[in-house]
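I am opening a notebook on a structure that is new to me. The entries below record what I looked up, in the order I went through it.

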Amino acid sequence: MTRSRTRRAATLPVAFFERSAADVAKALLGKVVVSTIGGEETSGRIVETEAYLGRDDPASHAFGGRRNAQNQSIYGPTGSWYVYRSYGMHWCANLVCAGPAGGSAVLLRALEPVAGLDVMGRRRGSMAPRLYCAGPGRLCQALGIDRRLDGVMMPPSEVVVLDASDPDPAEVQTTPRIGITRAADWPLRFILADSPALSRRR
């Protein structure tokens with residue numbers, strides 16, 4: 001998708017996120033994230049997501065309905081951002097789904113860079129461009145995302161998700177989630193299997 005086509009695309013409506021996190025996570029594949037943080041445009045096509053199901057999901061920050069100073073935004077309005085610090089090292093960006101009661105959200109795990117690769121390279125350092133957004137921490141650094149986005153509604157924030165054509169169903173695969181210890185076997189990771197930008201290959 002070219003830069004001009006990206007700018008003409010419509011931002012996903014809040015209604016897109018008014019369903020289960022698993023459904024949203026799969027439907028987000030192929031959509032385009034555009035960041036204008038710091039006045040610099042960067043964008044990438046979503047190729048990897050993970051669903052976290054809230055109160056009944058042992059891997060969710062909302063498991064059992066727990067609340068603390070760090071996870072309040074996971075109970076925010078549908079279509080808002082939940083951004084948290086992972087292991088005290090990097091930011092992770094999620095979109096809240098299905099209303100505030102359940103605390104469910106989708107983690108953006110990887111993007112294929114589309115525009116602003118020079119900006120991404122400056123933020124990420126020396127590496128192959130396909131790796132700029134290959135992982136939730138890398139993704140946030142490349143797009144300039146940090147805690148300031150936490151709790152903000154996606155439209156009309158500085159980071160929006162634009163509609164795009166759905167990928168070929170043959171490209172879409174479902175796998176267990178990765179990088180967690182609880183409920184690690186739940187099949188809630190969704191990928192475009194042939195993408196070179198995945199956070200973890202087969």
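How many salt bridges does a search of the whole structure find? I ran through the whole structure and the count came to eleven salt bridges. I note here that this is a predicted model.

Entry: confidence.
Before going on I checked the pLDDT. The protein chain has an average pLDDT of 92, and 95% of the residues score at least 70. Where pLDDT is low, the predicted coordinates should not be read in detail.

Entry: salt bridges one by one.
I looked up Arg-123 and found its side chain in a salt bridge with that of Glu-40, at 3.6 Å from N to O. Arg-123 is in helix H3 (residues 117-124), and Glu-40 is in the loop between strand E1 (32-35) and strand E2 (42-52), so this pair ties together parts 83 residues apart in sequence. Glu-40 counts as partly exposed, because its relative accessibility is 26%.

The next pair was Asp-57 and Arg-177, whose side chains form a salt bridge of 2.7 Å, N to O. Asp-57 sits in the loop between E2 and strand E3 (81-86), and Arg-177 in the loop between strand E7 (172-175) and strand E8 (189-192), so the parts tied together are 120 residues apart in sequence. Are these two partners buried or exposed? Asp-57 is buried at 0% relative accessibility, and Arg-177 is buried with a relative accessible area of 4%.

I then took Arg-148 and Asp-146, which also meet through their side chains in a salt bridge of 2.7 Å, N to O. Arg-148 is exposed, at 66% relative accessible area. I also found one network, in which salt bridges with shared partners join Glu-48, Glu-50, Arg-109 and Arg-189.

Entry: strand E8.
E8 runs antiparallel to E2, and three bridges join the two. In this pairing Glu-50 stands opposite Arg-189. E7 is also antiparallel to E8, with four bridges between them. Val-172 has Leu-192 of E8 as its bridge partner.

Entry: nonpolar cores.
I asked which residues touch the most other members of the largest nonpolar core. They are Leu-28, Trp-81, Ile-145 and Val-161, out of 47 residues in that core. Another core lies apart from it and has eleven residues, including Tyr-75, Tyr-84, Cys-92 and Leu-107. For background, nonpolar side chains in soluble globular proteins tend to be buried together.

Entry: helix H4.
Helix H4 covers residues 136-143, and six of its eight residues are buried, so the helix is largely enclosed by the rest of the structure. The buried ones are Pro-136, Gly-137, Leu-139, Cys-140, Ala-142 and Leu-143. What covers them? The cover includes E1, E2, strand E4 (90-97), strand E5 (104-115) and H3. Just after H4, Gly-144 has a positive phi of about 80 degrees.

Entry: Thr-42.
I picked Thr-42 next, which lies in strand E2. Thr-42 is buried, with a relative accessible area of 0%. Setting aside neighbours within four places in sequence, I listed its contacts, among them Val-33, Val-34 and Ser-35. The list also includes Arg-123, the residue I had paired with Glu-40 above. Ala-142 and Leu-143 are in contact with Thr-42 too, and both are among the buried residues of H4.

Entry: Asp-163.
My last stop was Asp-163, in the loop between strand E6 (159-162) and E7. Asp-163 is partly exposed, at 37% relative accessible area. Which residues does Asp-163 touch, not counting those up to four places away in sequence? They are Ala-9, Ala-10, Leu-12 and Lys-31. With Lys-31 there is a polar contact between the two side chains, at 3.0 Å. I also looked up His-90, which is 73 residues from Asp-163 in sequence and 27 Å from it in space, C-alpha to C-alpha.

Key: Residues numbered from 1 in each chain as written. Heavy atoms only, no water. Core = buried A, V, L, I, M, F, W, Y, C linked by side-chain atoms within 4.5 Å. Buried < 20%, exposed > 50% of the residue type's maximum accessible area, 1.4 Å probe, protein only. pLDDT = per-residue confidence, 0-100. Salt bridge = Lys/Arg side-chain N within 4 Å of Asp/Glu carboxyl O. Pairing = 2+ DSSP bridges. Contact = heavy atoms within 4.5 Å. Polar contact = N/O pair within 3.5 Å; in protein donor to acceptor, adjacent residues only side chain to side chain.
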